[in-house]
Amino acid sequence: MRHMKPVRVIAVTSGKGGVGKTNLSVNIGVALAKIGRRVAILDADMGLANVDILLGLFPEFNLSHVLNGEKSLKEIMMTGPAGLKIIPASSGVQRMSDLSSAEQAGVIRAFSEIDRELDVLIVDTAAGISASVVNFARACQEIIVVVCDEPTSLADAYAYIKLLNRDYGLNSFHIITNMVQSAEHGQALFNKLSKVTDRYLDVALQFVGAVPQDEYLKKSVQKQVPVVEAFPQSKAALAIKNLARKIDHWPIKPKAGGYLEFFVERMIQYSMREDVA
């Protein structure tokens, strides 16, 4: 019998780099783990995989070893703070569009074997609008777009949302504003983006919340320890824990079937179609 509670699969992404996306992915993951959720992060950034770096981990294997049949998914997973699981995927992601039928079945089966052990899978994508980023986002149940107060961040976030909406029919996005001066500043930033999308796109943006600029966040990166662990009472940590509680109360969308193999199956299908195109 399958467990009755499906896995929540969330893409954390951004239109541009440098907005703190991966740091948020890691800290939200740890915060969710600390309230009792079983959480894994899939590091899906082919070029700059750095979930392991933020946590001071040194992966020996990654998703490519699973795709090659050398390792099981459990064997490549690493354990971080609060029991957070990390799936190093960077050098395996690009092979997703080049799998044989047997390999496809194998990787889908590999993910289905761990879905009994997870409540949440966070997919930390690369920044930008490459095919890989778009395919991962489309395969997830929820998409969080991280923005900061830079004109390029807002413009690129809008371009990203526009692409997913107009080309792929996605119309629901969650927004986190990062590195802001205050909660009001974060809300104003969201309002600015929402005003443009409301005018030109058929999408619904939901504001998850804001994370303030915080020196303790920089210190935690230097220590290679998540801020929610290293400085749990800092402004950034408190804000992130609040975000995690909100995310934990989102209803799980039924469209994905709820199980990890559906996420992986869609991921492979989208990658192969893109490759053929």
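Ser-220 lies in helix α10 (residues 215-223), where helices (H or I, at least four residues) and strands (E, at least two) are DSSP runs numbered from the N terminus. This is a predicted model, in which local features need pLDDT of at least 70 and side-chain atom pairs count only at pLDDT 80 or more, while totals for chains, interfaces and linings use all residues. Residues are numbered from 1 along each chain as its sequence is written, and side-chain values use heavy atoms, with hydrogens and water left out.

With a relative accessible area of 1%, Ser-220 is buried; buried means under 20% relative accessible area, exposed over 50%, and partly exposed in between (1.4 Å probe, protein chains only). When residues up to four places away in sequence are not counted, Ser-220 touches Val-225, Pro-226, Val-227, Ala-230 and Phe-231, a contact being heavy atoms within 4.5 Å. By contrast, the C-alpha atoms of Ser-220 and Lys-162, which are 58 residues apart along the chain, are separated by 34 Å.

Helix α10 also contributes to a pocket. α1 (21-34), β7 (172-180) and α10 are the elements that give two or more residues to the lining of the largest pocket. That pocket has a volume of about 310 Å³ and is lined by 21 residues, of which Gly-18, Val-19, Gly-20, Lys-21 and Thr-22 lie nearest its centre. On a 1 Å grid over the protein atoms alone, a cavity is a set of points where a 1.4 Å probe fits but cannot get out, whereas a pocket is an open set with protein on both sides within 12 Å along at least five of seven lines, and lining residues have an atom within 4 Å of a point. Grid points are joined across faces, edges and corners, and the volume is the space filled by probe spheres set on the points. The lining residues of the largest pocket divide into seven nonpolar, nine polar and five charged.

Eight strands form an open sheet of mixed pairing, in the order β3-β4-β2-β5-β1-β6-β7-β8, and two strands pair if DSSP finds at least two bridges between them. β3 (78-79) and β8 (204-212) stand at the edges, each with a single partner strand, so one side of each is left without a neighbour in the sheet.

| β1 (residues 8-13) and β5 (residues 120-125) | parallel, five bridges | Val-12 with Asp-124 |

Ala-82 lies in the loop between β3 and β4 and is partly exposed, with a relative accessible area of 40%. Met-179 is found in strand β7 and, at 26% relative accessibility, also counts as partly exposed.

Helix α12 (residues 235-248) has 14 residues and reaches 20 Å from its first C-alpha to its last, close to the 20 Å expected at 1.5 Å a residue, that expected span being 1.5 Å times one less than the number of residues. Ala-236, Ala-237, Ala-239, Ile-240, Leu-243, Ala-244, Ile-247 and Asp-248 are buried in α12.

Note on methods:
Ala, Val, Leu, Ile, Met, Phe, Trp, Tyr, Cys and Pro count as nonpolar, Asp, Glu, Lys and Arg as charged, and the others, Gly among them, as polar.
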